[in-house]
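Subject: Structure for you to look at

Hello,

Here is the structure I promised. Please open it and keep it beside this email as you read.

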Amino acid sequence: MINYSYYKPRIFPIGGAGVSAEIDRAQSIDPTVTMNRDKVNEIGRDGTVGYVKKSPSVTYAVKQLEHGNIEFFQKLANEETHGNAGEAALTLNDFKTSRSHICAYLTDDDGTFRGTLLYPELRVDGFSLSIGDPQGMIERSYNLVGESAIIWQGNNKYFIEVIDTLGSAGDNTISLAARAPVLDPDTSAYMFKVVRVRAGIATDLTLTTDYTYDSGTTTLTIVSAQAGDVIKAYYTSGTAPVTQFTNNDVDVAGITGECASIYMYVPASGHPASTDYVYRLQSVTLDVKFTREDPREIGNKQVVARGIKDKVVTVTTGRKLEQFTIEEVLRGEVAGFGKIDVDKMRDDISIIVKIYDDNTKTSFKYGFLASGLTPSDLKNGAAVREYTNADVTLTGETLSISEDASVLGI
């Protein structure tokens, strides 16, 4: 049997120049494959004629403890620098065309390597950050979608990534001898996928037209190479990769709600300041949902383009009703303003969520900026023997992620 400690998840960003990485602090991974097979019957026959097999639909859900590192966001966006200090923030547009392979290397309780579960070409369908209560663990959740799932075993049991940056147009050969590719028993091809990243654009290469592979010399040759091209080759091998999973002992084990700071303000009122800090919050949830547009084409089972046609950012705050500070911000008025008419609440609210590695808040790790928010629900539920709640939900379509506090504005 495969214990969770020997289920080693790894992500391979296909676009950009980034290398693969383990998925840190994962608490649950839940892939589901829907086969999409239509049963066919016909008039005059008792029983089934057969099944029409369409491409499967794959959903891949990951729940991860917050540990103050944005690496997984960057890998999913195929961006290695966006979000870093001194760099542009990660934004929702970075997830439009990004795609990644995610696999799990599987070893049983006897120490025998059994194979690799591979979910190719996954795209981000949404994600969330949940602070359930002040002392509870902060959790991230991710929802990904794809069309394929493969179990590699036997001679093909290891999934391999080789990345090479070409030094010149003549530097167009890559040796794969260290971990020789094994023939795919279904396609009779050695390469699962070869991708060229040129000037930031990732292009899938076609066998013979764009590349060749010589199994005798274990040499991958790129046609029409240019200096600076990043070549990413993916294939299976009977030889293990250098790294399956690297323990992350640098980041904290987890982060609780008391290590976060929440700010809410109206940009028109000026630069956010410490006075915009929101007190008495009991919970905060930041949720992003995409409406993806990933079309296929007639005569081809593969997705031929990737995009996001709509984005929804939802921020929900929960607190016990004591003062009307949040309502005053939503109204865009100063403290103690005599009348808070919900019909006059603003639609340009910004919320900042800052994550620190402990409750002293001396070491800022990263944060989120959701802007252009409008209130969508206000709840003031009351019950016997309970304090009155004051929950507010805001929606928008803009979100930035950065470990640079100045990018977030505070």
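The structure holds 18 salt bridges. A salt bridge here is a side-chain nitrogen of Lys or Arg within 4 Å of a carboxyl oxygen of Asp or Glu.

First, some ground rules. This is a predicted model, where local features need pLDDT of at least 70, side-chain atom pairs count only at pLDDT 80 or more, and totals for chains, interfaces and linings use all residues. Residues are numbered from 1 along each chain as its sequence is written, and side-chain values use heavy atoms, with hydrogens and water left out.

**Salt bridges**

D38 and K54 meet in one of them, at 3.0 Å from N to O. D38 is in strand 4 (residues 37–40), while K54 is in the loop between strand 5 and strand 6 (57–65), 16 residues apart. Strands are DSSP runs (E, at least two residues), numbered from the N terminus. D38 is partly exposed, with a relative accessible area of 37%. K54 is partly exposed too, at 46%. The cut-offs: buried is under 20% relative accessible area, exposed is over 50%, and partly exposed is in between (1.4 Å probe, protein chains only).

E147 and R123 form another salt bridge, at 2.7 Å from N to O. E147 lies in the loop between strand 10 (139–146) and strand 11 (150–152), and R123 in strand 9, so the pair ties together parts that are 24 residues apart in sequence. Both residues are buried.

K193 pairs with D204, with the closest N and O atoms 3.0 Å apart. K193 sits in strand 14 (residues 191–198) and D204 in strand 15 (residues 201–204). K193 is buried at 16%, whereas D204 is partly exposed at 33%. Shared partners join R99, E121, K193 and D204 into one salt-bridge network.

**Aromatic rings**

A search of the whole structure finds 19 aromatic pairs. Rings of Phe, Tyr and Trp (its six-membered ring) pair if their centres lie within 6.5 Å; planes under 30 degrees apart are stacked, over 60 edge-to-face, and the rest tilted.

Why does the pair of F113 and Y158 count as stacked? The ring centres are 4.3 Å apart and the planes are at 25°, so the pair is stacked. F113 is in strand 9 (residues 113–131) and Y158 in strand 12 (residues 158–165), 45 residues apart. F113 is buried at 12%. Y158 is buried at 10%.

Y356 and F364 are edge-to-face, 5.9 Å centre to centre with 70° between the planes.

Best wishes

Methods
Helices (H or I, at least four residues) and strands (E, at least two) are DSSP runs, numbered from the N terminus.
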